[in-house]
Amino acid sequence: MAETDEPLNVLFLCTGNSARSIIAEAILNRAGAGRFRAYSAGSQPKGEVNPHAIQLLEKLDFDVGNFRSKSWEELMQPDAPKMDFVFTVCDDAAETCPVFPGQPMSAHWGIEDPAKATGTPAEIAFAFSEAFRMLNARITAFISLPMRALDNLSLQNRIRDIGKQDGATEKAKGGVKDTA
């Protein structure tokens, strides 16, 4: 990675941009404040953030006022921020992810969709908490990497390995071809 004082831009992609990618954006913007700037988007945005995701983030004292479900096309416009990293957090987005300008490093960090959870309110809340836990572990590992000390190939391998952590979908465990 080039030496710079500018925060590194990170995009989290999902199909609906209503739960996992929003949660990841929230975690990285808090944990990586000053070093990273997180964004999220989707291939087929739902148009609203999942209320269970909002409820969890509010409970964890995140400011949820600026989250919105949006298309990744917004972040491919000429005036959009240049992404340094693109992470897909759902298998469907990994299949359809476009090539982003500037050739950002990418990896698939797929986890199960908590928005598909069924059962009691407690079981649904648990699915969202688990998604948060898994994304938080990946993001913590990511921001701990010595970004500027690693060559691009080593960095690419490390971010790909992060996606294989606990709770990874089969596609993520299998080392899916780079997605962006």
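**A helix and its surroundings**

Tutor: Start with α4, whose buried residues are I124, A127, F128, A131, F132, M134, L135, R138, I139, F142 and I143. Keep in mind that this is a predicted model.

Student: What covers the buried residues of α4?

Tutor: The cover includes three strands, β1 (8–14), β2 (36–42) and β3 (85–88). It also includes the helices α1 (20–31), α2 (51–59) and α5 (152–162).

Student: How many residues does α4 have, and how far does it reach?

Tutor: Helix α4 spans residues 121–144, which is 24 residues. From first C-alpha to last it reaches 34 Å, close to the 34 Å expected at 1.5 Å a residue.

Student: OK, the sheet. In what order do the strands come?

Tutor: The order is β2-β1-β3-β4, in an open sheet of four strands with parallel pairing. At the edges are β2 and β4 (105–108), each of which pairs on one side only.

Student: And by how much are neighbouring strands turned against each other?

Tutor: On average by 20°, with direction ignored.

Student: Back to β1 and β3. How many bridges join them?

Tutor: Four bridges, and the two strands run parallel.

Student: Which residue in β3 does L11 stand opposite?

Tutor: L11 has V86 opposite it in β3.

Student: You listed α5 as part of the cover on α4. Which strands does α5 lie across?

Tutor: Helix α5 lies across β3 and β4, and its angle to β4 is about 25°.

Student: Now the whole chain. How many helices and strands are there, and in what pattern?

Tutor: The protein has six helices and four strands. Along the sequence they follow β-α-β-α-β-α-β-α-α-α.

Student: What share of the residues is buried?

Tutor: Buried residues are 49% of the 180.

Student: And the accessible surface, what does that come to?

Tutor: About 8,800 Å², with 49% of that area belonging to carbon and sulfur atoms.

Student: Last one. Of the contacts between residues at least 6 apart in sequence, what percentage join residues at least 24 apart?

Tutor: For this protein the figure is 72%.

Definitions and conventions: Residues are numbered from 1 along each chain as its sequence is written. This is a predicted model: local features need pLDDT of at least 70, side-chain atom pairs count only at pLDDT 80 or more; totals for chains, interfaces and linings use all residues. Side-chain values use heavy atoms; hydrogens and water are left out. The expected span of a helix is 1.5 Å times one less than its number of residues. Buried means under 20% relative accessible area, exposed over 50%, partly exposed in between (1.4 Å probe, protein chains only). Contact means heavy atoms within 4.5 Å. Two strands pair if DSSP finds at least two bridges between them. Axes are lines fitted to C-alpha atoms, for helices over the stretch in contact, and angles run from 0 to 180 degrees between N-to-C directions. Accessible areas come from the Shrake-Rupley method with a 1.4 Å probe; for residues, only the protein chains shown count as cover.
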